[in-house]
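Dear colleague,

Here is the structure we talked about. My notes on the salt bridges and the packing follow below.

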Amino acid sequence: MFSKFERMTAWRYLRAKRKEGFISVITGFAFTGIALGVATLIIVMSVMNGFRSELLSRILGLNGHIGIVSSVGLPFNNYKEAVGEIAQIDGVKQVIPMIEKQLLISSGRQAEGAMVRALSPEDLVKKSLLVDSIEGADVSAFEGDVVLVGRRLAQKMGLVPGSELTLISPNGKVTAFGTVPRMKSYKVIGTFDVGMYEYDSNFVFMPLSAAQKYFSLPEAVTQIDVSLQDENQLKTVRKAIEERIGGAAYVYDWRQTNAAFFNAIDVERNVMFLILTLIILVAAFNIITGLIMLVKDKGRDIAVLRTMGATKGMIMRIFCMDGAFIGVVGTAIGLALGLLFCNNIEAIRQFLQKISGQELFSAEIYFLSQLPAKVDPTEVFFVVMISLILAFLATLYPAYRAAKFDPVEALRYE
């Protein structure tokens with residue numbers, strides 16, 4: 001496609017001489033701009049993907065894809081029958097009955113609001129994310145009057161395995177002097193750390209039998225969680241559950257309960273993509289500037305080449321190769337930097353935190369305790385293609401100007 005003469009000439013023009021140092025600086029800026037644009041775009045998109053993926057895995061790790069609660073606000077007294085029917089639906093992986101209540105918990109002089117969730121020991125084992133994060137306890141100890149507390153909540157209240165935790169419910173016994181809050185102490189057998197601030201700082205897990213006794217709900221639960229084998233079957237399975245249950249219960253899915261949150265992430269991700277693409281566009285203009293200056297500086301050389309028989313097409317291809325080289329090498333450097341940064345992003349965050357002395361990724365704000373990054377090969381491919389296309393388009397105008405250069409005029413004023 002390109003002759004040896006064209007390749008040699010293009011390469012010679014990229015190697016600026018001393019007097020052409022400014023041209024090499026402009027070319028360096030173009031290299032740097034393309035590389036930084038590609039790297040930044042890959043890093044930001046990967047972090048947004050990782051953020052969404054990690055949040056989703058933790059949300060679905062503790063919650064089902066589909067939730068079922070009573071439409072009249074009463075507990076499920078026939079939940080075992082409902083669980084059996086739902087489990088037979090195609091696509092359902094597991095069905096977990098549970099009790100979930102917002103309570104006040106206290107220990108010593110500390111008191112905090114917490115979400116208490118109760119499930120059977122058999123169902124606890126099914127929550128692999130939770131089981132794998134338990135510290136200081138064995139799953140076999142999850143029986144009787146015991147609780148598991150989120151690590152951040154335990155630190156806030158000074159709880160350790162073996163401590164006593166008191167649950168306080170406003171829905172207590174009604175006496176002649178009014179309603180007396182229901183209070184009962186439970187032993188903390190361990191803590192859990194799933195890596196999501198909302199759960200680690202607010203949730204308490206207890207055995208289902210103990211919760212049924214505490215809340216006076218014998219043989220009853222407040223909700224049923226359904227996990228699917230394939231998330232893509234969500235609409236189909238939800239419709240089947242609604243047909244089985246009818247109007248006796250309200251069926252919802254994780255997309256409804258987290259819709260606003262994940263929509264905000266998607267919007268931010270798309271906006272960041274558009275904004276950061278402008279960095280590559282600016283770098284493309286640097287290529288245009290550098291090549292135009294190169295054409296102007298090489299005016300006499302172009303005139304000599306034309307008088308020696310070089311065609312306009314050859315001149316155009318020479319400068320197209322110069323611009324394409326800048327685009328390809330800059331994109332390759334940016335790709336390498338972006339992937340290297342993504343693979344070591346948590347280590348880099350820790351290093352920057354040590355240097356600055358500031359927390360760069362607060363779990364209270366960003367929900368996660370670690371900075372995630374998930375590289376999507378398809379997105380990386382599109383970023384690379386966008387960079388290469390913009391770089392190639394940026395070469396057309398300067399190359400066209402070089403091809404249209406009048407050799408007579410150039411030699412006349414030299």
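Arg 255 forms a salt bridge with Glu 231, with 3.8 Å between the closest N and O atoms. A salt bridge here is a side-chain nitrogen of Lys or Arg within 4 Å of a carboxyl oxygen of Asp or Glu. The pair links distant parts of the chain, 24 residues apart: Arg 255 sits in helix H10 (residues 254–257), Glu 231 in the loop between strand E9 (223–228) and helix H9 (234–245). Helices (H or I, at least four residues) and strands (E, at least two) are DSSP runs, numbered from the N terminus.

Note that this is a predicted model: local features need pLDDT of at least 70, side-chain atom pairs count only at pLDDT 80 or more, and totals for chains, interfaces and linings use all residues. Residues are numbered from 1 along each chain as its sequence is written, and side-chain values use heavy atoms, leaving out hydrogens and water.

The whole structure holds 8 salt bridges. Another one joins the side chains of Arg 117 and Glu 100 (2.5 Å, N to O). Arg 117 is in strand E3 (residues 110–119) and Glu 100 in strand E2 (residues 92–107), so this pair ties together parts 17 residues apart in sequence. Arg 117 is buried, at 3% relative accessible area. Glu 100 is partly exposed, at 22%. Buried means under 20% relative accessible area, exposed over 50%, partly exposed in between (1.4 Å probe, protein chains only).

Lys 126 and Asp 123 also meet in a salt bridge (3.2 Å, N to O). Both lie in helix H4 (residues 121–126), 3 residues apart, about one turn of the helix.

Best wishes
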